[in-house]
Amino acid sequence: MTTQEKIDIYEDYLFVVMNFPKYNINTKKYVLNEFSIILGQNIIITLTRFNTNHIQNIIQEYAKEIRKRQKDEEFKISPYYLLYKIIDTMYDKTLNILNKSTKDVILFEEELFSSNKLEKKLLENLMIKKRNIVFLKHNFIPHKDILNDLQNIIPKFYKEDLEVYFEDIISKLEKILNSIAISYENIDSL
């Protein structure tokens, strides 16, 4: 059971819930992978429904980034900046998923037009792809409100200006939603 995306604000910390897609290779469907995040002045705790190697990769990259930071980059030693890194990484993963999906649709189109008849397997693959695109759309629409809320709330908890980073992930979310819309239209037209 997953929770809807939300932000709960407490005196010393935030509780954030965001859902990201997790692909089930057996069912060929995406499922919701709930990320629950507790964010305080000096802590960040993440819990996920399914195991993910992305968090471990984020931690390793973050450790390298901290070692190489400049004097004017002290803000990087912050759970709020690390939250940005987590969301940014998950959005990059999603953009990769969508790029692969676009390539798959091109292959489906080539297969469709190279044959004299519609193969059942091709139709099944198109329907699976369409279902997954619809799932992604409904998964990411609520992120708009979460990111806007985070952009407004974090300055109350953290004095450094991280607005440019959250603007970056808001922009990435727009790319995701646009890619989803284009993929849906392409699949629908086939």
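Reader: What pattern does the protein chain follow, read along the sequence?
Author: This is a predicted model. Its secondary structure comes to 5 helices and 4 strands. Read along the sequence, the protein chain follows the pattern β-β-β-β-α-α-α-α-α.

Reader: What box do the C-alpha atoms of the protein chain fill, taken along the principal axes?
Author: The protein chain has 190 residues, of which 41% count as buried. Along the principal axes, the C-alpha atoms fill a box of roughly 65 × 35 × 25 Å.

Reader: Which residues make the nonpolar surface patch of about 260 Å²?
Author: Leucine 47 belongs to strand 4, which spans residues 44–48. Leucine 47 is one of the residues of the patch of about 260 Å². The patch is made by Ile43, Ile45 and Leu47.

Reader: Are helix 4 and helix 5 roughly parallel or roughly antiparallel to each other?
Author: The axes of helix 4 (residues 143–157) and helix 5 come within 10 Å and cross at roughly 175 degrees. Angles over 145 degrees count as roughly antiparallel. Helix 4 and helix 5 are therefore roughly antiparallel.

Reader: Which residues in helix 5 do those of helix 4 meet?
Author: From helix 4, the residues taking part are His143, Lys144, Leu147, Asn148, Leu150, Gln151 and Ile154. In helix 5 they meet Glu163, Phe166, Glu167, Ile169, Ile170, Leu173, Glu174 and Leu177.

Reader: Is valine 164 buried or exposed?
Author: Valine 164 is found in helix 5. Because its relative accessibility is 54%, valine 164 counts as exposed.

Reader: Which residues does aspartate 88 touch, not counting residues up to four places away in sequence?
Author: Aspartate 88 lies in helix 2, residues 79–114. With a relative accessible area of 10%, aspartate 88 is buried. Leaving out residues up to four places away in sequence, aspartate 88 touches Asp168, Ile169 and Lys172.

Reader: Is serine 183 buried or exposed?
Author: Serine 183 is found in helix 5. Beyond residues up to four places away in sequence, serine 183 touches Ser101, Thr102 and Ile133. The relative accessible area of serine 183 is 3%, so this residue is buried.

Reader: How does relative accessibility class tyrosine 184, and what is the class called?
Author: Tyrosine 184 has its place in helix 5, residues 163–189. Because its relative accessibility is 31%, tyrosine 184 counts as partly exposed.

Reader: Which residues is tyrosine 184 in contact with, leaving aside its neighbours within four places in sequence?
Author: Tyrosine 184 and threonine 102 are 82 residues apart in sequence, and their C-alpha atoms are 9.8 Å apart in space. Leaving aside neighbours within four places in sequence, the contacts of tyrosine 184 are Lys130, Ile133 and Val134.

How values were computed:
Residues are numbered from 1 along each chain as its sequence is written. This is a predicted model: local features need pLDDT of at least 70, side-chain atom pairs count only at pLDDT 80 or more; totals for chains, interfaces and linings use all residues. Side-chain values use heavy atoms; hydrogens and water are left out. Helices (H or I, at least four residues) and strands (E, at least two) are DSSP runs, numbered from the N terminus. Buried means under 20% relative accessible area, exposed over 50%, partly exposed in between (1.4 Å probe, protein chains only). Contact means heavy atoms within 4.5 Å. Patches are made of residues with over 30% relative accessible area and no salt bridge: like charges are joined within 9 Å, nonpolar side chains (Val, Leu, Ile, Met, Phe, Trp, Tyr) within 5 Å. Accessible areas come from the Shrake-Rupley method with a 1.4 Å probe; for residues, only the protein chains shown count as cover. A salt bridge is a side-chain nitrogen of Lys or Arg within 4 Å of a carboxyl oxygen of Asp or Glu. Axes are lines fitted to C-alpha atoms, for helices over the stretch in contact, and angles run from 0 to 180 degrees between N-to-C directions. Angles under 35 degrees count as roughly parallel, over 145 as roughly antiparallel, 65 to 115 as roughly perpendicular and the rest as oblique.
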